[in-house]
Amino acid sequence: MRFVITCDDAGHQPPETQSRADGFFESQGVRASFFAVPYGKSGALGEDKRWLAAAHAAEQRGHDFQLHALDHSVFEFGWHPEWMMAILDEETRRRFAEERDEIARGWGREIFGEKLRTAIQVFEDAFGRRPLVFRSGALSQSAELYQALGDVGIPYSSNQVVNPGGWSYIAGNYDLPLDWAPGVPPRPYQVTGQVVEIPMTGAGQAGSAARG
Ligand SMILES: [Zn+2]
C-alpha cells in the first residue's frame, strides 16, 4: 500500500512558507501533494507571482498540486463532518443546526458545477493543467458535490477520513475512543460511477496523510 502526504490551503501564504513546507518534506525524503485554494485573501491563485514561482519550483522537484475548494467558505459544498464541527463552540453549532435548511438553499448539482468550473479555470490558469483531485474546504460535502465532480470531469476526491481521532485532539476531546470511522473503507473506492474517493487515514490541523 502506498501512502501520500497531503497539505491543505496552499496558495495564499508568503512564498517562503511554501518553500519551507516542501523543503521540509524533501529533507525527509518525501514528495507531498498540496491542495491549493483557487480564491483566497490575496485574490485568485497565481496572482501572487512569487508564490506561483515557488509552487512551480516545487512541482519541478516532484511535489504535486491539486484543487481545494473554491474560496473555502463554510458549507461551500455541503455540510461539514460532525467530528470536524466539534471544534466550534456549542452556541455556533446550535445556530448552524437551526439554519441548516436555509444554508442548504445554496447547495445543488448545478450550483456546485458552476463553482467547480470556476475553480478549475483558476487552477488551470495558474498551473497550465487541469486538476485531477478535489478536496472541499473543511471537507464540506453532499451527494450533489460528487455528482457535480462527475459533471465537470474531476475523477478523484479526497474528502473522507478513515480515523478522525486526530481531529478530536484539536477539539480538546482526548477521551474519545480512537476507533476507525465505520463506513469509510481504508482504500480508494468508487463514490459514483465517475468519481473515486481516495480517503485520508487521518486529519490534523498541521497537515494530513492520505492513502493513494
Ligand atoms: Zn482547507
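A residue is called buried if 20 or more other C-beta atoms lie within 10 Å of its own. Keep that in mind as we explore this predicted model.

Q: Why does Pro 199 count as buried?
A: Let's start with where to look: Pro 199 sits in the loop between β9 (196–197) and β10 (200–204). The cut-off for a buried residue is 20 or more other C-beta atoms within 10 Å. Pro 199 counts as buried because its number of C-beta neighbours inside 10 Å is 22.

Q: How many Å apart in space are Pro 199 and Asn 159, C-alpha to C-alpha?
A: Along the sequence, 40 residues separate Pro 199 and Asn 159. In space, the C-alpha to C-alpha distance between Pro 199 and Asn 159 is 6.3 Å.

Q: Which residue in β6 is the bridge partner of His 68?
A: Take strand β5 (residues 64–68), where 4 of the 5 residues are buried. β5 pairs in the parallel sense with strand β2 (residues 32–36) over 4 bridges, and Phe 35 stands opposite Gln 66 in β5. β5 also runs parallel to strand β6 (residues 133–135), joined by 2 bridges. There, the β6 partner of His 68 is Arg 135.

Q: What radius of gyration does the protein have, next to that of a compact globule?
A: The C-alpha trace spans about 45 × 40 × 35 Å along its principal axes. For 212 residues, a compact globule would have a radius of gyration near 17 Å. The protein agrees with this, as its own value is 17 Å.

Methods. Residues numbered from 1 in each chain as written. Predicted model: local features only at pLDDT ≥ 70, side-chain atom pairs only at ≥ 80, totals over all residues. Buried ≥ 20, exposed ≤ 12 C-beta atoms within 10 Å, placed from the backbone. Pairing = 2+ DSSP bridges. Rg over C-alpha atoms; globule rule 2.2 N^0.38 Å.
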